[in-house]
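Try each task before reading its solution.

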Amino acid sequence: MVPPAVTLAAVVLCGALVVDRLIGDPHSRYHPVALLGSFIGLWGKPAFFPVGIQRIAGVLLWVLTVFLFALPFVLFTALAPWYIYLLVAPFLLKCCFAWCALEEHTLAVVSSLKDGVESGREKVGLLVSRKTAELDRDHILSAGYESMTENLTDSIISPLFWFSLFGLTGAAACRAINTMDAMLGYRDERERIGWWPARSDDILNYIPARITVLLLLVWFATRGTATRAWKVMRRDAHRRPGFNGGIVMAAMAGGTGTRFEKTGVYTIGDGERTLDEGGPDIIRAARAVTLMYAIFACCVLFLLGAPINNIGI
């Protein structure tokens, strides 16, 4: 008997998390997301298009990029026998999120500071778009842990959420949209061509960001800091531009007692603890949220699979 699709999805989700922890993200230009980035880099140059058509060009090329990246995932899902799907799909899903890599990049920033501030500036410059030349040690740590916190939604919970709803196709589309936003969604010469990639990413992450906050509050409740996380979130979430990243960053800062600061743009949290003290708790909270979401999603999928199997759908 062929297992229900939702049961397969639960097994694949668990398998993908195991694969991620075992192998991380191989550093190869042939990695699907690296190829995706190369393709976006080909067309994502505003100078290729007259100013008047940059927005429509961004929309059309957004559609093309999502279609091309998701197509192999669609075909595999449609054509692979269930037992092949069960073996291969965890690796395909793993290509669409970055749990282990996110931790590695953040910890690399922390570790680099042992070699001096200049080394830290160089490492954190790989994670954030802000100018790093004048960042001091505290602001380097803030940038690194901010990236970790914001990407908890974008790079982990959101692709897993869309996989839970729409399978590999949903996860692949999510990865494509998030990558376009990361490369083009800035208020500089890319603003017009990146307008729709940025807006679509906001829409895509609206529900996952709030799931992330809910899970953070559950985690911080076990640590006795949920009330503080809630208060800081209510007070500081609006300080960061956008309606997704700020609520997650504020909940994280409140729950861990730390402060995130981008000079001249925002300050989030009270800073009762330094990021040297609270940083490890940010890593632990991100791990806990990932595992809590996976457990919740798998339970829901298995529960859906049982009645489907019983009635023979």
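**Exercise 1.** Where does Phe97 lie? Work out its setting and its contacts in this predicted model.

*Solution.* Start with the chain: Phe97 sits in the loop between α4 (82-94) and α5 (99-112). Next, look at accessibility. The relative accessible area of Phe97 is 2%, and the cut-off for buried is under 20%, so Phe97 is buried. Then list the neighbours, leaving out residues up to four places away in sequence: Phe97 touches Ala16, Leu17, Asp20, Ser155, Ile156, Pro159, Leu160 and Arg175. Finally, check a distance between C-alpha atoms: those of Phe97 and Cys174 are 9.4 Å apart, although 77 residues separate the two along the chain.

**Exercise 2.** Is Ser112 buried or exposed? Find its helix and its contacts too.

*Solution.* Ser112 belongs to helix α5. With a relative accessible area of 5%, Ser112 is buried. Setting aside residues up to four places away in sequence, Ser112 touches Ser119, Gly120 and Lys123.

**Exercise 3.** How do the axes of helix α10 and helix α11 cross? Describe the contact as well.

*Solution.* First find the helices: α10 covers residues 226-236 and α11 covers residues 245-256. Their axes come within 7 Å and cross at roughly 140°, which makes α10 oblique to α11. The crossing of α10 past α11 is right-handed. Now name the residues that meet: α10 brings Arg228, Ala229, Val232, Met233 and Asp236, while α11 brings Ile247, Ala250, Ala251, Gly254, Gly255 and Thr256. Sorted by class, this contact of α10 with α11 has six nonpolar, three polar and two charged residues.

**Exercise 4.** How many aromatic pairs does the structure hold? Characterise two of them.

*Solution.* The structure holds nine aromatic pairs. One of them, Trp62 with Trp196, is edge-to-face, at 5.7 Å centre to centre and 70° between the planes. Trp62 lies in helix α3 (residues 54-79) and Trp196 in helix α8 (residues 195-204), so this pair ties together parts that are 134 residues apart in sequence. Compare accessibility next: Trp62 is buried at 15% relative accessible area, whereas Trp196, at 24%, counts as partly exposed. For the second pair, take Phe76 and Tyr85, which are stacked, with 5.8 Å centre to centre and 20° between the planes. Both Phe76 and Tyr85 are buried. To finish, return to the tryptophans: ring pairs link Trp62, Trp195 and Trp196 into a cluster.

Note on methods:
Residues numbered from 1 in each chain as written. Predicted model: local features only at pLDDT ≥ 70, side-chain atom pairs only at ≥ 80, totals over all residues. Heavy atoms only, no water. Axes fitted to C-alpha atoms, helices over the stretch in contact; angles between N-to-C directions. Helix = DSSP H or I, 4+ residues; strand = E, 2+ residues; numbered from the N terminus. Parallel < 35°, antiparallel > 145°, perpendicular 65-115°, else oblique. Left-handed = near helix turned anticlockwise from the far one by under 90°. Contact = heavy atoms within 4.5 Å. Nonpolar A, V, L, I, M, F, W, Y, C, P; charged D, E, K, R; others polar. Buried < 20%, exposed > 50% of the residue type's maximum accessible area, 1.4 Å probe, protein only. Phe/Tyr/Trp six-rings, centres within 6.5 Å; stacked < 30°, edge-to-face > 60°.
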